[in-house]
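Open the structure in your viewer and keep the selection tool at hand. Each stop below gives something to select and says what is there.

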Amino acid sequence: MDWSQSLRLVAPEELLSVTGLVLLLGAAWSKGVRDARAVTWLSVLALFVAGVMVAPSLCGGLRGAEADAFGGLYSGDAFAAFAKLLIFAAAGASLLVAPAFFEKARAMRAEFPVLVLFAVAGMCMMVSATNLLTLYVGLELNSLAAYVLAAFLKNDQRSAEAGLKYFVLGALASGILLFGMSLVYGFTGTTSFAGIAAALGGGMSTGATFGVVFVLAGLAFKISAVPFHMWTPDVYEGAPTPVTLFFASAPKVAALALTMRVTLGAFGSQTAAWQQIVIVVSLMSIVVGALGAIGQNNLKRLLAYSSINNVGFLLIGLAAATPAGASAMLVYLAIYVAMTVGGFVAVLMLKDQDGNQIEALADIAGLSRERKVLAACFAMVMFSLAGIPPLFGFWGKFVVFQAAVQAGLLPLAVIGIAASVIGAFYYLKVVKVMYFDEPVGKALGKSDWVHQSILLVAALFISPLGYLLTKWLGNLANIAASTLFPGA
């Protein structure tokens, strides 16, 4: 084992871990909001530097033995680099919008950005895991920080409830995942993804099949796929909105990338054993996410069901089990992150004149006549999430459906397209309330330049201008996806 190569490949995680520890020490001596803001900006800087460090691995298509570290426990390949860049972008946006929210609640503390850094370090380990042991360590590092983040407003009953629910159900899911991993290890004799794939290549025993099912069930909880989605609306509504933005973007990318690596890597030699499971979960997530959102009057709960719905579309690409399907998933993930960041930043900008957060759908009635730019950007996010052309969200759905058709899954694509019409109803309902209902004059509070800038960038990315990036984004996704298929 080449220690110098290993340490070089894990440099981003080293940077985030060391920065987190140093800032944690600094947080012990912080004296108020000003110091907490400084810690936040330093955390954003660390994420930016980490992004610069992983970018060459993606652009250079790093793969194979050159990307392996610590004897095959970790891979710093192009696929991991693509996922990490999305994670860093989403986490950075979450950190930038957090101070204004927590200062209003008188809860801005330096520990918040530190927890985000440790969670991101865990996510980096997740997307680079090539061994069940690395997978679990990264998953738990992320989860332990996430439980605290959900309950960060300790004097808010909703936040405390969200943290408790997330902890209890997350611990249950971790137990299910760990049980599945133990079964896989017991019936294959190895924890290495490559070793598991080789062992399963000769056929699946009943015990190994149960192991695969339990592993997929544990991962389904982490990506909030049906029927393991029950925690998502409550946690998204109860957690502080910047934390909800973080949960809906960065951990979602990490969990989906991990699911791709496990299914296409460790279980790739037995596609038939898990493909039907993924197809059923995909369709259920699309339908339940769409139907569940129709009756929601809270914007954060509505976006939570939208997240479940989008996971269903993403899993269509995974069900294809091809390089094209994996590439389509990565393209969709990039667009999804932009839509999610834009949606939750818009929600954060919905405030009354006293600066109090507005979350009820009825309270944004007539918003287009009071805050035209905010309403236009929020409407773009809704149309893009619905997959309505010419917005960029349409392209994300198009590529996953195309990959499914090319893989011979035409019925899946047809049902997915039909089900997407259901989801369009509640997205258009939000636009209708903003543009056609009588103004209620509640969302009149102003936002700072940070929120405005992030929303503008997200809106431009998902606008028709985003199609200028299709070739570039598609090439990067192809490079990243090809690392999951050694023969590609």
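The tour goes from a pair of helices to one residue, and then to the nonpolar cores.

This is a predicted model, in which local features need pLDDT of at least 70, side-chain atom pairs count only at pLDDT 80 or more, and totals for chains, interfaces and linings use all residues. Residues are numbered from 1 along each chain as its sequence is written, and side-chain values use heavy atoms, with hydrogens and water left out.

**Stop 1: two helices.** Select residues 241-266, helix H11, and residues 299-320, helix H13. Helices here are DSSP runs (H or I, at least four residues), numbered from the N terminus. The two pack at an angle of about 15°, and their axes are 12 Å apart. Axes are lines fitted to C-alpha atoms over the stretch in contact, and angles run from 0 to 180 degrees between N-to-C directions. H11 and H13 are therefore roughly parallel (angles under 35 degrees).

**Stop 2: one residue.** Select Met-260, which lies in H11. Is Met-260 buried or exposed? At 0% relative accessibility, Met-260 counts as buried (under 20% relative accessible area, with a 1.4 Å probe and protein chains only; exposed is over 50%). Beyond neighbours within four places in sequence, its contacts (heavy atoms within 4.5 Å) include Phe-79, Leu-318 and Leu-484.

**Stop 3: the cores.** Select Val-120 and Phe-378, the residues with the most contacts inside the largest nonpolar core, which has 181 residues. Such a core is a set of buried Ala, Val, Leu, Ile, Met, Phe, Trp, Tyr and Cys residues joined through side-chain atoms within 4.5 Å. Its largest share, 19 residues, comes from helix H14 (residues 323-348).

Notes
Angles under 35 degrees count as roughly parallel, over 145 as roughly antiparallel, 65 to 115 as roughly perpendicular and the rest as oblique.
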